[in-house]
Amino acid sequence: MTKGNINVSVENIFPLIKKFLYSDHEIFLRELISNATDATLKLKHLTSIGEAKVEYGNPKIEVKIDKENKTLTIIDQGIGMTGEEVEKYINQVAFSGAEEFLEKYKDTAKDSGIIGHFGLGFYSAFMVAEKVEIVTKSYKDAPAVRWICDGSPEFTLEETADKSERGTEIILYIAEDSTEFLEESKIRELLLKYNKFMPVPIKFGTKTHTLPLPEDAPEDAVAETEEIDNIINNPTPAWTIAPSELTNEDYMKFYHELYPMQFEEPLFNIHLNVDYPFNLTGVLFFPKLSNNLNIEKDKIQLYQNQVFVTDEVKGIVPDFLMLLRGVIDSPDIPLNVSRSYLQADGAVKKISSYITKKVADKMASLINENREDYEKKWNDIKVVIEYGIVTEEKFAEKSDKFTLYPTTDGKYFLWNELEEKIKPNQTDKDGKLIVLYASNADEQHSYIQAAKDKGYEVLLMDSPIIPHVIQKLETSKDKISFARVDADHINNLIKKDEPVISKLNETEKESLKKNVEESIGDGKFTVQLEDLDSGDAPFTITQPEFMRRMKDMQATGGGMFGMGGFPEMYNLVVNSNSEFAGQILKTEDADEKAGLIKHALDLAKLSQNLLKGKELTDFIQRSYKQLEK
């Protein structure tokens, strides 16, 4: 038997491990399962190249709880260790066996899935155990050995006859402050969280299986049952399989495996698969989002060689894709010693750029393959696309191929189609293209109808980040201006070659404007007289496009616009060619004239949802009195 001291640089390494090395004590199980997986995959690789002259078979990892003896045991059927290897890999903290293995077999082992990088994972056991025991037997012709340590730098190592099969058993004698890890429900929870997709089957207990009855069994025969291994993980999840071998049903099954409480089907998926200049696989799903920016984020899970790392993937996944769901797996993502937090470096940025490009390419292929289906899904995916246009320049550059612009009539245009459609009819005097849009088809119905009556197309742009999208489009495209349909009057935006002839002379116009200004007496309204068609509304309330846009930006947290408030400012556009304008001028009684103007203003306010409170009550009562007359 050998006794000795573990080769560490400080006496109190174990208290440091327990307190500082890992942020969450539950990580110990992930680390030990990862080590067991490494040991199994190492053996698989060595048998495949003929170096290990043993039968690989169908190995599994077993997790066992013994409440009576207060132990938790992890058993693998992998490569095992000799006494010399225990001395080397266990007694020298931070010397990584996986690291050495990969270096030794770097030409043949790069795809073997070896997980370990740091050599400290085993010692995480001491976060929850007062004593740890290793019983291991190498695949080589060497005796089994037993290693025991009670959390001090002292250990014992001796040969043992208690193990005849190759592999390693790690026995944790759980400490009094960690007895929760002796509960079956807790261990099951951790296995499903961290090891649900590990590449080696993990057994945790048994389950009952009913045997089929023979065909000639009597009617009253009772089927026998047997106990079989309860394999808790799926060693071959969808992202490890070639896309050509998967059906849509396979992807949906995997989605519900990831999110068992999510009953709504995703719209479509994107299968990521790249091996140069970095390794990355994964599957991303588009859920139905509609206009909801408050959907739960952090639903994308990050794995490293099928080991769960985190669901906080900011930095790896572009911000606009945080609304998606799914899995990303990459051995090239740099992690710290606990595998729990990402380190920002060049590899991460390249991965983020690749994912952005892959999503853009997928969008373009979807609309090309089935435009009709893509249009049906647009309202459920547009928030992601628009968010990407605003926040990711590379994505924005490609977005014209798959960004749709729906009209209030339910037609859908790509940008080049829209430009071709409206350019002949919707330009200002300088040749700038004027894009009219509505943010709420019901509230802005009268304005939409007025624009359509003049032959203009009105887009329906109603997502919560539209103000930012518009700003981006106006700065990235030449001679384009967006105007909400209830902003500055259309006649001021789109200049016609033949202006409408005025029915009033300048003196009459001055008198009309003075009458209106004196009657409304409200500093929020700037009165503007316009020579419009006689059929246009007598009074129309618009809001200066710039001011309205600033308020929208403020409401959606638009950077500097999220600070402070903006005053309520409106234009009251008076149609000087309307019959109502003539009626105002003809009315001699001052009170009657003021009443007409006030009533017309209230109607204009009502159309803009600006008539509220006492003003609305007074308007209704006044209207009833007029009906009685």
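1. Strand S12 (residues 300-304) has Ile300, Leu302 and Gln304 pointing one way and Gln301 and Tyr303 the other way, and all are buried, where buried means under 20% relative accessible area with a 1.4 Å probe and protein chains only. The strand is accordingly described as mostly covered, with 5 of its 5 residues buried. Strands here are DSSP runs of E with at least two residues, and helices are runs of H or I with at least four, both numbered from the N terminus.

2. This is a predicted model, in which local features need pLDDT of at least 70 and side-chain atom pairs count only at pLDDT 80 or more, whereas totals for chains, interfaces and linings use all residues. Residues are numbered from 1 along each chain as its sequence is written, and side-chain values use heavy atoms, with hydrogens and water left out.

3. S12 runs parallel to strand S14 (residues 325-329), to which 4 bridges join it, and the bridge partner of Gln301 in S14 is Val327; two strands are taken to pair if DSSP finds at least two bridges between them. With strand S13 (residues 307-310), S12 pairs in the antiparallel sense over 3 bridges, and Leu302 stands opposite Thr310 of S13. The hairpin of S12 and S13 has 2 residues between the strands, and Asn305 takes a positive phi near 50° there.

4. Tyr303 of S12 also belongs to one aromatic cluster, together with Tyr194, Phe197, Trp239, Phe254, Tyr255, Tyr259, Phe285 and Phe308. Rings of Phe, Tyr and Trp (its six-membered ring) pair if their centres lie within 6.5 Å, and planes under 30 degrees apart count as stacked, over 60 as edge-to-face and the rest as tilted.

5. A search of the whole structure finds 25 aromatic pairs. One of them, formed by Tyr437 and Phe482, is edge-to-face, at 6.5 Å centre to centre with 65° between the planes. This pair links distant parts of the chain, since Tyr437 lies in strand S17 (residues 433-438) and Phe482 in strand S19 (residues 480-484), 45 residues apart. Both Tyr437 and Phe482 are buried.

6. In helix H11 (residues 445-453), the buried residues include Tyr447, Ile448 and Ala451. These three lie on the same side of H11 because they cover an arc of only 100° around the axis, the arc being that of the directions from the helix axis to the C-beta atoms. H11 is followed by Gly455, whose phi is positive, near 90°.

Key:
Buried means under 20% relative accessible area, exposed over 50%, partly exposed in between (1.4 Å probe, protein chains only).
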